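The sequence and model are shown below.

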Amino acid sequence: MRVVWAFPGQGSQRKNMGAGLFDRHPGTLACAEAVLGRSVPELCSDQAALRDTRVLQPVLYTVGALTYLDRAAREPQPDCMIGHSLGEYTALYASGALDFETGLRLVMARAEIMSRASGGGMLAVVGLGVGRLREIMRREGADGIDVANHNSPVQTVLSGPEESVRALAPVLRREGAGKCVLLHISVAAHSRYMAEAADELGTVLDAVTFHEPRVPVVSNVTARPHRADRIALRLREHMCREVRWWDSLAHLVDQGVTELVELGPGSVLTKLWAAARTELTPRAAGPQGPPDAAGAVPGGGMGADAAGGAVPATRTGQDAGARPEEETAPGPGPGGDSAAAPGTRGATGGTRRPPVPRRVPVAKERLGSARFRERYEAELAWVVSGTGDGAVGDEVCRAARAAGLAAFADPAPGAPDRASLGGAGRQGRGIGLRPGPEADEQVTALLAHEVRYVEAHHPHGPDAALVRFRFTGARRGPAGAPVAVRHVIARVTGLDQAAAFLRPPSAALLDELVRTAGLSAAEADVARMLPVASDLAVQAPGGWHTDGADAYQLLPAVAALAAGSPGPEPVHVGLCGVVGTPEQAATAFALGAAFLVSTSLTACAPAARLADALKHTLARAGDDDVTWAPTERHATLGVPARVVRRGTLFPARAGLLHRLLRAHRYFADIPEHRRRHIEEHLLGGSATALPASDSVDGRLRTADVFRWYARETARRTPGGDPVRPLDHQLPCDPDLTHFNRVTSGTALAAWTARTPGAVAEHLLTNAAELLSARAPNRAETRP
């Protein structure tokens, strides 16, 4: 028999709870009262005090801890532990992940932060499944409401703005909900609206050292056991993400747990477990009980931990998690997560009932390729990229990695930031790499700091610096297979460019690298058997191809090409800079995308290296606010890029300079009135600020002026240069304008809410729901 000890959360409190425990554990009680500054027994008897969340949460944590100590003194430790919402803190204390006082202080900080939130509401709904609820909310346009708790197939708690939640209640009653109870809480707990509070709590959690739990503790956020190095992240997410209680119970059943012991006031978790044992046991004794078998709502304030988290597991006795070896990009049958049919014997034995059609849910963690996620040490098939815009630095990348995403920082202009590279090497972050005179120096720094990942933006194909990075350290495995220890995601816009990255480097290039000691002879031999790119990101065609093939059209063709690449490891193909809506994300995965890359969308992140005013401009940009303008890259060829035109004269001024460079080779040949205008408005008053020309005769070329202007605007833009406020050069890929459109009027419309984790959560969770809803019916047999 396997046993789980479960700790209830806010809402399970009772007057005079803890009676009989206080005298038996005076040391722990004294510690709690020293921290709280008040008598715990007196607080437990004060009904008015218990209505204050700042009092209730630490008191409930203390009572739960005392209950654990009392039980542990009489019985052996359980096989695992779990806590509902606030109860997870108690479970972590009981498991040894942190000491009692540290846990108490964390709970006090959490309660204080939550008490400052307002304007939200929570609605407990009994009698409608979570899938049906999401369908109704989509139909009614209730996009601002999140699932806060998924407690059982017939019990869910919703969270969002109070007016929206109130307005939804009568709709749900008409749709068949047995109960719709507005909870006595003034915050939208466990929803996207708690993102700012989660960030505030995160600063507290960062100062805590967590230990590996002695007994596994199942996380509300992931429905899987906690790891010490991820506890702080999970508790931060716990503030603004769904409590996946039903998924957690399914996991416990799959692990062979047969008994749940509830440690704390009330019996709500015990009732939910009874419903789970009936529903999730492969050979159930009979059909599921009536709705009120699990209808008790776990708490007035027991909101939850995730704004629209992963799609809950609704199948019988089946685990929603992906196995690491599975490739999970959904094709005709999304998710690749077919349910195992439970036992089919009826009550009388022997007879089979006909299959019951159902739709197989797709979890966001299963979207894309499992091998890609493993290669880049990510939990989700989402890449945060700053390559090319200069806005994404260390802080954004750290936030992305903390949220389980892959991340690539755009190196700051000038010499490589060695501290940044050191952090990237240690923490598994990547760096953007572009061709140019500084590329070789940058690769030397990347190798010195053990950076293993780069994102390459090489329109003309791989160069010597990129090949050197990719194959330094390459070797043969035990069986002689070629192995590269560094990985390259290459952006491509067409089949020819993709083919260049899918081939091994040319023999001439490898010979030259060996001759100059860029690679050893052994490394070069391995390079002859592997593609230059580990993975490819298909992006929206630009430059000469502004009216060319769509990235979604290119994706299957590039993926087919990649399937024939050399080497033992697959080359994964994803989409870059074009996915900004859940529908687009679902389409990309249905087409076979292994991962998605956000580009301009990432520039709006709160920690991005961009002035707040410019983030605000980007967050409001629509398709009409974007135009094509010539940039420094390939200047003389007139290759344009997508940039924002709102609030800046850069597109017009860059276009003027480019027309002049085509008409006048030298700057002095431009008509005087036009030249004076350029010097005054574009060059800051004089051409003397320009670098000396490298032309044979020393004359200043118009191309030099254009390059200087394009380079200076790019350099000055991140800080919102007040001297030249109309010369901002803001790159803008389609992902940003699409995201702006679909999030208008929601919390994510503000750039301050667009953390990498929040953006990925929104798009991938909703994409998973769309794929689940549109998946072909699968048949399963039920007893």
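Which residues line the second largest cavity?

## The second largest cavity

In this predicted model, the lining of the second largest cavity consists of Phe-7, Pro-8, Leu-60, Tyr-61, Gly-64, Leu-86, Gly-87, Thr-90, Leu-263, Gly-264 and Pro-265. The cavity holds about 50 Å³ of space.

Helix H3 and helix H4 (87-94) each contribute at least two residues to this lining. H3 provides the largest share, with 3 residues. Sorted by class, the lining comprises 7 nonpolar and 4 polar residues, and no charged ones.

## The largest cavity

Over the whole structure, the search identifies 4 cavities of 30 Å³ or more. The volume of the largest is about 60 Å³.

The lining of the largest cavity divides into 6 nonpolar, 3 polar and 1 charged residues.

## Packing of H3 against H5

Helix H3 (residues 53-72), which also lines the second largest cavity, packs with helix H5 (residues 100-115) at an angle of about 155 degrees. The axes of the two helices are 8 Å apart. Angles over 145 degrees count as roughly antiparallel, and H3 and H5 are therefore roughly antiparallel to each other. Their crossing is right-handed.

On the H3 side, the contact involves Thr-53, Arg-54, Gln-57, Pro-58, Tyr-61, Thr-62 and Ala-65. These residues meet Phe-100, Gly-103, Leu-104, Val-107, Met-108, Arg-110, Ala-111, Glu-112, Met-114 and Ser-115 of H5. By class, the residues of this contact are 9 nonpolar, 5 polar and 3 charged. Tyr-61 takes part in the contact with H5 and also lines the second largest cavity.

## Positive phi in two loops

Most residues other than glycine have a negative phi. Against this background, Glu-450 has a positive phi, near 60 degrees. Glu-450 lies in the loop between helix H15 (439-448) and strand S13 (453-456).

Ala-517, likewise not a glycine, has a positive phi of about 65 degrees. The loop that contains Ala-517 runs between helix H18 (507-515) and helix H19 (521-527).

How values were computed. Residues are numbered from 1 along each chain as its sequence is written. This is a predicted model: local features need pLDDT of at least 70, side-chain atom pairs count only at pLDDT 80 or more; totals for chains, interfaces and linings use all residues. Side-chain values use heavy atoms; hydrogens and water are left out. Axes are lines fitted to C-alpha atoms, for helices over the stretch in contact, and angles run from 0 to 180 degrees between N-to-C directions. Helices (H or I, at least four residues) and strands (E, at least two) are DSSP runs, numbered from the N terminus. Angles under 35 degrees count as roughly parallel, over 145 as roughly antiparallel, 65 to 115 as roughly perpendicular and the rest as oblique. A crossing is left-handed if the near helix is turned anticlockwise from the far one by less than a right angle, and right-handed if clockwise. Contact means heavy atoms within 4.5 Å. Ala, Val, Leu, Ile, Met, Phe, Trp, Tyr, Cys and Pro count as nonpolar, Asp, Glu, Lys and Arg as charged, and the others, Gly among them, as polar. On a 1 Å grid over the protein atoms alone, a cavity is a set of points where a 1.4 Å probe fits but cannot get out, and a pocket is an open set with protein on both sides within 12 Å along at least five of seven lines; lining residues have an atom within 4 Å of a point. Grid points are joined across faces, edges and corners, and a volume is the space filled by probe spheres set on the points.
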